[in-house]
Amino acid sequence: MSFALEIRNLKKAFGGLEVTRDVSLTLAGGARHALIGPNGAGKSTLVNLITGVLKPNAGEILLGGREIGNLSQAERVKRGLARTFQVNSLFSTMTVAENVALAMVAHDATDARLVGDISKDAKLSARIEEHLARLNLAEAADRLVSSLSYGQQRIVEVALALALQPNVLLLDEPAAGLAAKDVEILLGLLKGLPTTVSVLIIEHDMDLVFRFAETITVLVDGQVLLTGSPDAVRKDQRVRDVYLGRRHG
Amino acid sequence: MRELRDPSALPEMRSALRTHRLGWFEVVMLAVFAAVYYLLPGYLPLATQVAIMIIFAISLDLALGYGGIETLGHAVFYGIGGYAAGFYALYVWQEPISGLLVAALVAGLFGVLSGIVVLRAKGLTLVMLTLACATMVHEFANSMRAITGGDDGLSGYRIDPVLGLFRFDLFGRTAYVYSVCVLIVVFLLARIVANSNFGLVARGIRSNSQRMQLLGVPVLNRLVLLYAVSGALAGIAGALSAQVTKLVGLNTLAFTLSGNVLIVLILGGIGRLYGAVIGSIVFVALSDRAAAIDPFNWLFILGGLIVLVVWLAPDGIVGRFSALTWQFRKQERKP
Amino acid sequence: MPSLSTLLSLFIDGASYGMILFLIASGLTVTLGIMRIINLAHCGFAMIGGYAALALTSWMGLPLLVALPIAILLTMAIGFLLEQTIYRVVYRTHEFGQILMTLGLTYLMVATINLIFGSLMQNIPVPEPLSGVWLAGGLTVSKYRIFLVAVSAGVALLLWTTFEWTTFGTRLRAAIDNPRMARACGIDVGRLLSIAFAAGCGLAALGGVLGAQMLPLEPFYALKYLVLVLMVVTVGGLGSLKGSLLAALALGLIDTFGRYFLPELGAFVIYVTVFAFLLIRPRGLFQNA
Amino acid sequence: MKISGALKHLIGTALFAAGMALSTAAMADTIKVGVLGSFSGPYAPWGVQFRNALDLYQEQHKSKASGYDVELIYRDVGGNEPARAKQLAQELVVRDGVQYIIGLEFTPTILAVADIATEAEVPTINLNSGTSSVTRASEFLTRTGFTQWQVAAPAGEYAFDQGKKTAVIVSADYAPGKDALDSFRYGFEKKGGKILQEIKVPLGTTDFSTYLLRLQEAKPDVALVFMPVGPMSVGFLKAYVDRGLLKAGIDVYVGAEAQETDLPALGDAAVGIHSVFTYSPYQDNPENKAFVEALTKKYGAKGLPNLATVAAYDGLALVYHMIGATKGQKDGKAAMESIKGLTIQSPRGPITIDAKTRDIIQNVYLRVVEKRGDGMLVNKTLATQQAVKDPWKELNPAK
């Protein structure tokens, strides 16, 4: 069977500096997978490799069993790989509904359609409404993104990515900078995601990770230290060493 | 799959998508245009110029207000449309409506070609490239005297009666009604485009083109399309002017015109379509009257007006107005 | 094939034309580099300088070389005053607001000049020792053009020295390179800009006075030569004096040679060149940022 | 806007008529004359001359033509703006109800107005544009200025008669410039001269150095020059003398470029410039003396007239004649008939409106710039050709 996302022996070096050394990773359909590791472990580079910002030196990235290593970012999005950004990257001068609509239109590949009033497209309106309702954003539909709180903007990030109806959703530090209250809301939303989506979350907030993920991969020095269930990771001595500052072997 | 919600839930979404809706503004404008015809017959030539300017400003609003294409050379489409209509009437057929379509096609095509090269740039470079492009075409038309008539303009063509029925008359009645009808069609067309998926995407590109690209939308491609549509509409404005005046001059390609249409649009307010209408009426009417009273010092008024508007109402007249209503609505919503 | 003397003649004509463009453009490129503002009113300062010199020479009977520094100082004062007032608003507003506002300002300048001096084209008489031509072999060279090239080369050298060798220059370069960083380093960018702005107006005024033979004074001067000056700045690269100098010289020469060899095409040659160039190098010859 | 149904149409027409009546009925006894000119912008000097002459004429005749009140309505075209000229002409006819239009400086603006003249049967007097063919654009067009052929063809002939065997023609690149090129060539070659080169200068040029260089290298005996009066003509002649071409022995022949109003801008260097033209304010005839005296009395030294002034003065005289001939009634055809073959004593000498072509027939003078005893630069007449018809129309008869 093919995985939703499969990474095989991925390598990336900047000059002589090897940032990613031979990383392999698999996400099954509907997976709730977290990627953790101390600063400098190479998490961001891995995200950039998967999403296509960077090109790997070696290795393969397969999405639903098909190689995507040579595709551009936009093409990967088309194949069902969506992501959120660490720094909000929204259409801030537009309303929440418009943000979501943009993603939907892009996903449907109807973005070059010159006729047909978008607000009279009942199907689209219903989809937007449903989508926003699911993320508790229905109330904010007609508000400009720039007028929302930071926490709400983070959720719009997720909404935008989800609107692309991805098979694999990459959440790049979704809780960064959020207040505890907002983290709870976010967690609630993430738990409610449909099982058709496989989620890979990169996050520093261990509480969020351990409550959300079913599988955790620990990345250290550009290599996978271990992959296992939250319990297994929690109990692993090597992981404790890493996080307590004692350098691993 | 879940059933579609009942339509009563949709109006909310409609306001959230901020599409352009027909309303009292259009009704008032139609009434005004009709009133001008009956009550101010002596001002029909001027009113025709207003209608043409509105079409031109609407076209710029699509490119600049919706897509964020910063251009200081939009007259290039106006001029090309004008010359296309002139040549068409001179050598092919004097029928006016087909002339408009031909002009739109030629100007749109030029939009595609120039867009592909120009739109890769951004910011100041884009501004300069559009300016250079327009100046280049201006100088080209100037140096191709044998074909374009250079500074003497292109003239000597006839225009057949509209629909074979309405002759262009001395009083400018046909010209006026014809222009206003074309304006209505262009307004509706622009509205359709603005409210379409494509219109939304254009706004998205203006707001954050990088993210648009990452959503999988080929941004350059879409911008070129937008530029072409905008160019085609501007071409219609130029063609209309060519048919009504029966002469195309180099001034239709000049920097002054590009600057004026920008002034018109920013005066009115960008990204709203209404702005183009209000701005044109204010600008053309004011410049005509002021120039009639005191030709040279009129520049004082214009210059002062521009500085004041940008200072006090940076979003234009319509923008100022709708900013107030927006605030009002927000206050209303918040408990 | 034209003779060597023709080519030399054309070269001097083109170079002097280019140097005038450089003088006018130099102030614009510096302010553009720091503030990213398209100051469409910049040519207006060249015009103000030119008319100030005209008033001083023909109304008050001063010799041109006395009137020149006064005209420059006057223009600088006007520039400084505007920078302290109207331009404060310009800096704050959005990009198209800036374009419009400076355009509006240009209209005000045009109207003012027209009110004071009338709409006729005006002529600043060239002082006797500089008028006329030198004849050397088959070569005819206008004395005034040689004078122009010499003066502007001197000014360019002075600018270069200031830019490269003084603290003021270092700070200015830092501000152009990265205004935010410069601010963080404790450089008073606002003050720097005010000075650069006024100096730029002075340079424009110098260009306006000296260039009046080639770019004759009339109220629409401020708009007529604007496109050309903007092109010099863009081709040279925003904020780059060296770029502007090269671009201005190149444009002056291409235009002059173009008009000689392809007279029917007129100014078309120059715009095609600029357009093609910007396509290949959208950021100009030298771009700092 | 969309009128459907006969009733609506009827109401519409009635309302329209009412509106028209409102705007025209007010002053039925006054005959209105629309004046279109450039009263602002770089070409404003023309507008000023028009106005000087027209206001003077009105004052001298107490605004009464054969007992009818005459009112002038000025409208500013602001330069070579055909679309605006057309709009203004339309408004003058429709809104203000003018019976005559005079003015206009440029070929394109004249052509833009020609349609209106034909359609409304409004006699229109072209005061300046020198393109020969424009009078053919409408039966209601006539001219009181001059045609480029009228002065340039004789200029070519005179130049040859003065011993010049080779020439270079320098001309601004637009319609009258084309006429100038053809007519200089026609006149010069007819006598047996040789044209070495034609140099076309784009309109709006301010730096003439390259063109003068070409001219210099061609080494002709004489340069035949046409530039539109204003910035270009002054700029060109100035550059010409500054560059020492006149001193180097290349004589220059021009037309309207050497008018007295522009000579001060050239300075003493202008001495020796030849021109072939139809008017000088220092011309010696009683009409001219009275004319110049009245102008300078009314406007001071600034009142010094040029051909634009005379053309406007004569143009209004034609209008007065037409008003008398039609007894103040609006009858464009009869009005035009009344001036065909009409001769009036103009300050420039006698002028006649050609009965066949509606174009002007007038004397043409060969002059040279001289410094008078009082230091004034003036054109001294060397020779005169009587009653010159427009040669282009003779060569290109109407089909």
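Predicted model: local features only at pLDDT ≥ 70, side-chain atom pairs only at ≥ 80, totals over all residues.
# A first look at chains A, B, C and D

In chain C, helix α2(C) passes helix α3(C) in a right-handed crossing.

- Helix α2 of chain C covers residues 42–59 and helix α3 of chain C covers residues 64–84; their axes are 8 Å apart and the angle of packing is about 140°. Because of that angle, α2(C) counts as oblique to α3(C).
- Which residues of α2(C) meet α3(C)? They are C:Phe45, C:Ile48, C:Gly49, C:Ala52, C:Ala53, C:Leu56 and C:Thr57.
- By class, the contact of α2(C) with α3(C) holds 13 nonpolar and 4 polar residues, with no charged ones.

**A helix pair in chain B**

- Helix α4 of chain B (residues 75–92) and helix α5 of chain B (residues 96–118) cross at roughly 135°, and their axes come within 8 Å. The two helices, α4(B) and α5(B), are therefore oblique to each other.
- The crossing of α4(B) and α5(B) is right-handed.
- From α4(B), the contact uses B:Phe77, B:Ile80, B:Gly81, B:Ala84, B:Ala85, B:Tyr88 and B:Ala89. Among the residues that α5(B) contributes are B:Gly99, B:Leu100, B:Val102, B:Phe110 and B:Gly111.
- The contact of α4(B) with α5(B) has 13 nonpolar and 3 polar residues, and no charged ones.

**The antiparallel sheet of chain A**

- In chain A, 4 strands make an open sheet with antiparallel pairing, in the order β2-β1-β4-β5.
- Why is one side of β2 (17–27) and of β5 (66–67) of chain A left without a neighbour in the sheet? These strands stand at the edges and each has a single partner strand, so one side of each has no neighbour there.
- Strand β1 of chain A (residues 5–14) and strand β4 of chain A (residues 58–63) run antiparallel and are joined by 5 bridges. To find this pairing on screen, look for A:Arg8, which stands opposite A:Glu60 in β4(A).
- Helix α1 of chain A (residues 43–51) packs on this sheet and touches β1, β2 and β4 of chain A. The direction of the helix makes about 65° with that of β2(A).

**The mixed sheet of chain A**

- Another open sheet of chain A has 6 strands in the order β6-β7-β8-β3-β9-β10, and its pairing is mixed.
- Its edge strands are β6 (81–83) and β10 (223–228) of chain A, each of which pairs on one side only. From one strand to the next, the twist averages 20°.
- Over 4 bridges, strand β3 (residues 32–36) and strand β8 (residues 198–202) of chain A pair in the parallel sense. Here A:Arg32 has A:Val199 as its bridge partner in β8(A).
- Helix α1(A) packs on this sheet as well, touching β3, β6, β7 (168–172), β8 and β9 (215–220) of chain A. Its direction makes about 145° with that of β7(A).

**How the chains meet**

- Which chains share the most contacts? Of the 4 pairs of chains in contact, it is chains A and B.
- That contact takes 36 residues from chain A and 33 residues from chain B. On the side of chain B, α1 (10–16), α8, α9 (197–214) and α10 each supply at least two residues, and α9(B) gives the most, with 11 residues.
- The side of chain B that touches chain A has 16 nonpolar, 10 polar and 7 charged residues.
- Chain B also meets chain D: 35 residues of chain B are in contact with 36 residues of chain D. The largest share of this side of chain B comes from α2(B), with 6 residues.
- The side of chain B that touches chain D divides into 20 nonpolar, 11 polar and 4 charged residues.
- Chain A does not touch chain C, the nearest C-alpha atoms being 14 Å apart. Chain A does not touch chain D either, and there the nearest C-alpha atoms are 26 Å apart.

**The domains of chain D**

- Chain D is divided into domain 1 (21–146 + 285–358) and domain 2 (148–277 + 364–395). The C-alpha centres of these domains of chain D lie 28 Å apart.
- Where the domains of chain D meet, 14 residues of domain 1 are in contact with 17 residues of domain 2. The domain 1 side has 6 nonpolar, 7 polar and 1 charged residues.

Conventions
Residues numbered from 1 in each chain as written. Chains lettered and ligands numbered in written order. Contact = placed C-beta atoms within 7 Å. Nonpolar A, V, L, I, M, F, W, Y, C, P; charged D, E, K, R; others polar. Domains from an automatic or database assignment. Axes fitted to C-alpha atoms, helices over the stretch in contact; angles between N-to-C directions. Parallel < 35°, antiparallel > 145°, perpendicular 65-115°, else oblique. Left-handed = near helix turned anticlockwise from the far one by under 90°. Pairing = 2+ DSSP bridges.
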